[in-house]
Amino acid sequence: MNTASFLSRRLIEGVGKLGAVGWFAIGMLAALPYVLRRPALVVQQIHNAGVLSLVIIMTSGFFVGMVIGLQGYDAFSRLRQEDLLGAGAALTLLKELGPVVTALLFAGRAGTALTAEIGLMRATDQLSAMEVMAIDPMGRIAVPRWLGGAISVPLLTAVFNSVGILGAYFVGVRLMGVDNGAFWSQMQEFVEPADVWEGVIKSAVFGLVASLIAVFEGYTAEPTAEGVGLATTRTVVLTSVLVLILDYMITALLL
Amino acid sequence: MSAISAAMAPMIEVSDLRYDSAGRRIFAGLNLAIRRGSITAIMGPSGTGKTTLLRLITGQIRPKSGQLKVDGAEVASLDRRELFRLRRRMGMLFQNSALLTDYSVFDNVAFPVREHTALDERLIRTLVLMKLQAVGLRGAADLMPAQLSGGMSRRVALARAMVLDPDLLLYDEPFSGLDPISMGMVLRLIKVNNDVLGVTSVVVTHDVEEISRIADYCYVVSGGQVIGAGTPAELGQSDSAMVRQFMSGAPDGPVPFHYPAAAYETQLLGGQRS
Ligand SMILES: Nc1ncnc2c1ncn2[C@@H]1O[C@H](COP(=O)(O)OP(=O)(O)OP(=O)(O)O)[C@@H](O)[C@H]1O
Ligand SMILES: [Mg+2]
């Protein structure tokens, strides 16, 4: 009884939250014309999100690629199909690990920074000051950060995938002795454009969602130090859960 | 409305304003009128809702009921575009300065100019440096807000609030945290803006003595209502003990200095025993 009422209350809260996030997104779309006249604001945010995340994305990508190299080599060598390692690593990265891990890392690094930045602006009345100066903080602050993040995630995913394949190559070919030519030619043989597109679609959706949540949580944070702290936590938790759920849904739709 | 009566009508007209915040009554029938081109002081104990009143005037929040007109327009009924058009004629100095932390002092002051005008950078530079000179901070143009003291931030925020020469300037505690020299300077600046440019000024402050030197009219707000109104001289002679206490700053009198609480002795002794 108690558990059921607890769960149903959480469910209602969750639906209400998604509604609020959706409503916020509509508000940002209304402020879009302001930003379209000032593309430099978005470029600035792509730069911010990119610089914040690039090192962590490349490091993580390389290690994830190396693990795929080890595990893939182990699995394929049991089947005496070591030559397929390149294809296996590329498919794993492009279709799944690249978009998902990049989105999770983005939430942890750039997403929390966005939430904290905007939350602090709220807490120090900077957003109100803009309002009173007749400048819409939705257009000036929220939308450029949303778009900047949304554009960054697919770009970062591409970096993650490239570095990951290098990692797999390093372990598979250089350490384990998989044939260099076979590694690349099998990759070319088996990876279809549809596989690339699956990854692109996923990373585009994850980017829009991860960045939306980060901006929403910052914008609606309680204007206190504690409130901003809680909001950054919510950014990571909510983004992670949503990315994993969406990953399943997109995969099921596309297969 | 004819042109003449429009010019005579008050810049801000508040009647029977009611506002609750988080279930607490802030305003219970507030009435006041602010004459065009005047300097009007709003005084009252801390937490009485002075900042809230400025937020109502700028349309950041909406009253629960009652009227609030700025320049003849009911603020709560304006749509966003109309509200923004009205706000472009207002400047506000926030109680905590509210400078944009990732812009330099110069860019903070230039921010509204760049947003709202098509002036070229050379003109903007001249304009911004003039305003910074007026608050004595031309030399600090390249500093970031984090490098400023509280009093300096306040003066930069003041330069920003007046950079577009608004018709209505709202000052939330412009003197707090200023040394006597800066205070005198800000006081003169408010007066000059008013005399030379005909700005209507609303000054929220606790500094009774300073504001009395320049204010044309004062309102004392307490308990959600206006408890005293008049020129500074009139208020000093007020019949109301509450207003006199406020003007002279005596801690004992009808205006409670303390937030409502259980009797001091009871609470202290009770705490000791339990
Ligand atoms: N965001 C809020 N949520 C709930 N209550 C609030 C909020 N902001 C202000 N209040 C309450 O509204 C009342 C009026 O606040 P306000 O900031 O307008 O006071 P003030 O007159 O400007 O005080 P001070 O002179 O100290 O600046 C206070 O009692 C405060 O507790
Ligand atoms: Mg205040």
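Which residues come nearest to ligand 1? Select ligand 1: of the 14 residues around it, Arg24(B), Ser46(B), Lys50(B), Thr51(B) and Thr52(B) come nearest. A residue is near if one of its heavy atoms lies within 4 Å.

Before going on, some ground rules. This is a predicted model; local features need pLDDT of at least 70, side-chain atom pairs count only at pLDDT 80 or more, and totals for chains, interfaces and linings use all residues. Residues are numbered from 1 along each chain as its sequence is written, chains are lettered from A and ligands numbered from 1 in written order, and side-chain values use heavy atoms, with hydrogens and water left out.

Next, show the polar contacts (pairs of N or O atoms within 3.5 Å).

- Arg24(B): a side-chain N or O atom is 2.5 Å from an oxygen atom of ligand 1.
- Gly49(B): a backbone N or O atom lies 2.9 Å from a ligand 1 oxygen.
- His206(B): a polar side-chain atom lies 3.2 Å from an oxygen of ligand 1.

Taken alone, ligand 1 exposes 640 Å², and the protein buries 61% of that (Shrake-Rupley, 1.4 Å probe).

Now colour chain B by element (DSSP runs: helices H or I of at least four residues, strands E of at least two). β2 (24-34) and α2 (50-57) of chain B each give two or more residues to the shell around ligand 1. The largest share, three residues, comes from α2(B).

Technical notes: A polar contact is a pair of N or O atoms within 3.5 Å; within protein, one must be able to donate a hydrogen and the other to accept it, and residues adjacent in sequence count only if both atoms are side-chain atoms.
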